[in-house]
Amino acid sequence: MAESFDLVVIGGGPGGYVAAIRAAQLGLKTAVIEREHLGGICLNWGCIPTKALLRSAEVYHLMQQAGAFGLSASAVSYDLPAVVKRSRAAAAQLQSGVKHLLRKNRVSVHEGHGRLAGRDKVAILKEDRPVGELLAKHIILATGARPRVLPGLEPDGKQIWTYKEAMVPEAMPKSLLVVGSGAIGMEFASFYRTLGAEVTVVEVLERVLPQEDPEISALARKAFERQGMKLMTGATVKALSKAVTGVTATVTSAAGDTKITAERVILAVGISPNTENLGLEGTGVKLDRGHVAVGPWLETGEPGVYAIGDLTGAPWLAHKASHEGVICVERIAKVPGVHPLDATRIPGCTYCHPQVASIGLTEQRAIELGHKVKVGRFPLIGNGKAIALGDTEGLIKTVFDAGTGALLGAHMIGPEVTEMIQGYGIAQTLETTEAELMQTVFAHPTLSEAMHESVLEAFGRAIHI
């Protein structure tokens, strides 16, 4: 007989496993079905291993700059297999941690592909054959997404890579073409450029990191170009032609067609949701441009079925998936005080060099929505800690409503801004105004002082600029 649960989660990524653990904490009998890797793409082939790679590149860069710190390091080099091995070890350690947490919280874990099989039923398949069935009043779809593939630009895993192959290179390519300049594209561009590859990035929109505030995007472009990257914006890769010596891309732009040849190509053109073979046919679950449509509580059109994470659309971020999982489960368990997710308050981080982080509305978007704004800017060249670190390339930008003093958005580029952005995230959650931020004492010397100065500058009170 099929085992009964209060909740079954299909997918064990950062949305699914967090939802399962929170459900178990709330006393719900919970099961997770995962077909490949607990921890999902993020832990195994995304967020964590890429940050390990980027850390190695950062240390290598600092070793090359040893003289600027009064130090000496000769014959600086790297061992690529060891760099990759460290990255894979970080992923393996965290996957083991997820298994432990699920076991600790008494979540039942089932290997296989989960599929809706009727009201309150989930079938478990292996190699397309049914191997079990679970019953549950509540079912969460958390199956994530995979790299988007464009016609004519199909990856082959050898010369044309997705993020998966880009994380485990057998050798460092002398030249690399990155298609797409979002967070994934620029992180890989940064890693490979730091380790010596000649890098060209092609972006269909008019600027790199197109989701960021235009001012931050422009500063990022200047930094990348100083590092030796070639950036082509407003350009499209029409075709890829493989040869023994490399891959030739046909790139079209307003200036016409250009041929670019590189040893390897990384495709970073977005994601496609994993909605196939989920048993959605004949249910009330609706798709919107390929993603599962959900309400404010992550509910679908099918009673008792919910969806979270990349499956439901942008922003495609692990922390968004985890937060949605908690909201969904707490709503199911009738926990008091649960709030729907405000997508404008989800921080975004890009771990290239220099780092980029943001939350809320850009200046342009705030004006489009009818806000009269006050904008503060503070360059890191005026920050004592940045000078001491030898890393003064950066800017903190804050956007306020001129009438209410509400913090509408914050946009940052520079060292460790991915750690600092959460300060503004907490401020938005608490509905903090400029008055509270200006009255807050920031420790000295810290990079975060630049956050304070940016707020002060928006209202004509900056001290160090």
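Proline 315 sits in the loop between strand 19 (305-307) and helix 8 (318-332), where helices (H or I, at least four residues) and strands (E, at least two) are DSSP runs numbered from the N terminus. The peptide bond leading from alanine 314 to proline 315 is cis, with omega near -5°. This is a predicted model, in which local features need pLDDT of at least 70 and side-chain atom pairs count only at pLDDT 80 or more, while totals for chains, interfaces and linings use all residues. Residues are numbered from 1 along each chain as its sequence is written, and side-chain values use heavy atoms, with hydrogens and water left out.

**Backbone details to look for**

- Another cis peptide bond runs from histidine 353 to proline 354, with omega near 0°.
- Proline 354 belongs to the loop between strand 20 (348-350) and strand 21 (356-360).
- Aspartate 120 is not a glycine, yet it has a positive phi of about 65°; you will find it in the loop between strand 4 (113-116) and strand 5 (121-126).
- Aspartate 120 is partly exposed at a relative accessible area of 32% (buried means under 20%, exposed over 50%, and partly exposed in between, with a 1.4 Å probe and protein chains only).
- Leucine 209, also not a glycine, has a positive phi of about 45° and lies in the loop between strand 10 and helix 7.
- Leucine 209 counts as buried, because its relative accessibility is 4%.

**Nonpolar cores**

- The largest nonpolar core has 36 residues; such a core is a set of buried Ala, Val, Leu, Ile, Met, Phe, Trp, Tyr and Cys residues joined through side-chain atoms within 4.5 Å.
- Inside this core, the residues with the most contacts are Phe191, Tyr192, Val199, Phe224 and Ile266.
- Several elements give two or more residues to the core, including helix 4 (80-104), strand 9 (175-179), helix 6 (183-194) and helix 7 (214-226).
- Helix 6 provides the largest share of this core, five residues.
- A second, separate core has 26 residues, among them Leu102, Leu298, Ile327 and Val338.
- Isoleucine 266 is in contact (heavy atoms within 4.5 Å) with residues including Trp161, Leu176, Phe188 and Tyr192, leaving aside its neighbours within four places in sequence.

**Buried pieces**

- Helix 13 (residues 449-458) is largely enclosed by the rest of the structure, because nine of its 10 residues are buried.
- The buried residues of helix 13 pack against strand 22 (373-379), strand 23 (395-401), strand 24 (407-413), helix 11 (417-429) and helix 12 (434-439).
- Just after helix 13 comes glycine 460, with a positive phi of about 70°.
- Isoleucine 33, found in strand 2 (residues 30-34), is buried with a relative accessible area of 1%.
- Glutamine 159, in the loop between strand 7 (145-147) and strand 8 (160-161), counts as buried at 14% relative accessibility.
- The side chain of glutamine 159 reaches the backbone oxygen of alanine 243 at 2.7 Å.

**Salt bridges**

- A search of the whole structure finds 23 salt bridges, each being a side-chain nitrogen of Lys or Arg within 4 Å of a carboxyl oxygen of Asp or Glu.
- Glutamate 302 forms a salt bridge with arginine 119, and their closest N and O atoms are 3.4 Å apart.
- This pair links distant parts of the chain, as glutamate 302 and arginine 119 are 183 residues apart.
- Glutamate 302 is buried, with a relative accessible area of 14%, whereas arginine 119 is exposed at 52%.
- Arginine 221 and glutamate 225 meet in a salt bridge through their side chains (3.1 Å, N to O); both lie in helix 7, four residues apart, about one turn of the helix.
- The side chains of glutamate 324 and lysine 320 also meet in a salt bridge (3.5 Å, N to O).
- Glutamate 324 is buried, with a relative accessible area of 7%, and lysine 320 counts as buried at 3% relative accessibility.
- Salt bridges that share partners join Asp213, Glu215, Glu363, Arg377 and Lys397 into one network.

Methods. A polar contact is a pair of N or O atoms within 3.5 Å; within protein, one must be able to donate a hydrogen and the other to accept it, and residues adjacent in sequence count only if both atoms are side-chain atoms.
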